[in-house]
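Student: I would like to understand how the labels for this model are assigned. Could we go through them one by one?

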Amino acid sequence: MAHDHSHASGSRRRLAIVFGIVLVIFIFQVIGSIVTGSLALLIDTGHNSVDLIGIGIALFAATLVRTPPRGQKTWGFRRAEVLAAGAQATLLLGLGVYSLIEGVRRFFVPPEVPGPELMLFGVVGLVGNIVSIIILSSSKEESLNLRAAFLEVIADALGSVAVILAAVSIWLFDWTRADAVAALFIAALIVPRAFSILRETGSILLELAPKELDLDKVKMHIEGVEHVQDVHDLHVTRIDSNLPVLTAHVVLADECFYDGHAPRILTDLQECLAEHFEIAIEHSTFQFDRAKDAAQETHTHS
């Protein structure tokens, strides 16, 4: 428990540092967008603002997740990180759609954009993004929020590269459409990622089983345990991105309820689910049914 607590504290600390970096980049790029009038820099600034909101929500969610279960909140606020990631992805999607529309418009009517100033703001953004990537790289797999934040700063870094390339094209070759092209490139980064995060958050909220888990194999594995005759009503859902929960009815031979086998089978099943599969299922609930009762129930339904 102490390890989990220090782990969570480290994640929150990294998120807080990245939040501060992104805030500084955002303020700097707001100034740059006003000074240069660049759409690419404006979209990158908007992207950073969404990141800022998303990382702030992630930081808040990481704090909520620590709240112990009580009352009707039997899982505490574990699902807060899923809602936070979904909100962040929705904002990203809106920004991406705006970027596509405005980028196409400016491609045909390109405004004047100063290359040297645009280069300066792009380089500053890239440096900040690289520092953020380094900070988050060690913890990106810990939760959906941290993974979303990590992907955000990577996309921001690519966006900053696009801004720099646009600045070079405008500065050296006087190609003013480079700004709109860079904005469209950033939009192409944003939209698929937003859909990806929305799809994953949606799968959790719809209580779909993790795609990495083959339920047929889980069922076969449980049925392979000695004295287990059948498995039905098998359900696997996720409370958050790292907390799968399994429930199932397991039919045992009748004698298991009288000779002491049932408790040992329960222990074996729980240990197997926690250790055997790629995703550790540490929260599992089994209802044991007697073979005789299961046969009678099947006969009644038929």
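Tutor: Gladly. Buried means under 20% relative accessible area, exposed over 50%, and partly exposed in between (1.4 Å probe, protein chains only). Keep in mind that this is a predicted model, where local features need pLDDT of at least 70 and side-chain atom pairs count only at pLDDT 80 or more, while totals for chains, interfaces and linings use all residues. Residues are numbered from 1 along each chain as its sequence is written, and side-chain values use heavy atoms, with hydrogens and water left out.

Student: Why does Phe173 count as exposed?

Tutor: Phe173 has 62% relative accessibility, so it counts as exposed, the cut-off being over 50%. Its place is in helix α5; helices here are DSSP runs of H or I with at least four residues, strands are runs of E with at least two, and both are numbered from the N terminus.

Student: And what makes Thr45 buried?

Tutor: Its relative accessibility is 5%, and buried means under 20%, so Thr45 counts as buried. Thr45 is found in helix α2 (residues 39-65). Leaving aside neighbours within four places in sequence, Thr45 is in contact (heavy atoms within 4.5 Å) with Phe26, Gln29, Val30 and Ser33.

Student: How do you know that Arg105 forms a salt bridge with Glu102?

Tutor: A salt bridge is a side-chain nitrogen of Lys or Arg within 4 Å of a carboxyl oxygen of Asp or Glu. The closest N and O atoms of Arg105 and Glu102 are 2.7 Å apart, so the pair meets the rule. Both lie in helix α3 (residues 80-108), 3 residues apart, about one turn of the helix. Arg105 is partly exposed at 46%, whereas Glu102 is buried at 12%.

Student: What makes Lys211 and Glu212 a salt bridge?

Tutor: Their closest N and O atoms are 3.8 Å apart, and the rule asks for within 4 Å, so this pair counts too. Lys211 is exposed at 73%, while Glu212 is partly exposed at 40%. By this rule the count comes to 5 salt bridges.

Student: Why are β1 and β3 said to stand at the edges?

Tutor: The open sheet of 3 strands has the order β1-β2-β3, with mixed pairing. β1 (228-238) and β3 (283-290) each have a single partner strand, so one side of each is left without a neighbour in the sheet.

Student: How do you know that β1 pairs with β2?

Tutor: Two strands pair if DSSP finds at least two bridges between them. There are 8 bridges joining β1 to β2 (residues 244-252), so the two count as paired, and they run antiparallel.
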